[in-house]
Amino acid sequence: MNNLNPPLIFYTEMEQTEYLEKYIFTDFKNINEGTDADDVQQFSEADFESLLELVEHNGIGVYNISTWLNGEAFEVAEHDDFKKKATDPKWYKKAFLTLKSRQAGLTYAATYKVSSKLLAKYTEADSED
């Protein structure tokens with residue numbers, strides 16, 4: 001069989017979870033020991049504060065911030081509550097300050113929005129390696 005067409009090479013776009021684990025969460029300790037530990041990364045107050053700075057620097061949005069106290073769900077803040085877009089760091093900075101001043105000893109997690117443009121950029125970089 002003589003095929004004159006070159007083979008097609010498909011690059012799958014990096015998944016958001018893969019991106020976060022590979023480029024964002026690497027320097028932070030996941031302290032989630034619950035049944036959802038593989039799905040939800042929880043961080044200490046200090047780590048989460050640094051994480052939010054990194055998220056802002058990389059242009060990643062935050063849909064919500066969830067908190068736990070002694071392993072029990074405590075409070076959730078969402079960007080809609082602040083009438084801001086997920087990509088506006090003003091909302092999640094204010095929400096974090098409010099949450100940490102309201103209760104000491106919380107652990108934090110968030111739901112993130114990584115743009116397809118950012119994912120594609122890192123997919124291309126990985127495929128060149």
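By class, how many nonpolar, polar and charged residues does the lining of the largest pocket have?

Modeller: The model is predicted, with local features needing pLDDT of at least 70 and side-chain atom pairs pLDDT 80 or more, while totals for chains, interfaces and linings use all residues. Residues are numbered from 1 along each chain, and side-chain values use heavy atoms, without hydrogens or water.

The lining of the largest pocket has seven nonpolar, six polar (Gly among them) and three charged (Asp, Glu, Lys, Arg) residues. A pocket is an open set of points on a 1 Å grid where a 1.4 Å probe fits, with protein on both sides within 12 Å along at least five of seven lines; lining residues have an atom within 4 Å of a point. Of the 16 lining residues, Leu20, Asp39, Val40, Ala110 and Tyr112 lie nearest the centre of the pocket.

At least two lining residues come from each of α1 (16-24), β1 (61-69) and β3 (106-113), which are DSSP runs (helices H or I, at least four residues; strands E, at least two). In α1, Tyr19, Leu20 and Ile24 are buried (under 20% relative accessible area, 1.4 Å probe). Viewed down the axis of α1, these buried residues fall within an arc of 95 degrees (directions from the axis to the C-beta atoms), so they line one face of the helix.

Strand β3 has six buried residues out of eight, so the rest of the structure largely encloses it. β3 pairs with β1 (at least two DSSP bridges) in the antiparallel sense, over eight bridges. Within β3, leucine 106 stands opposite leucine 69.

Terms used
Buried means under 20% relative accessible area, exposed over 50%, partly exposed in between (1.4 Å probe, protein chains only).
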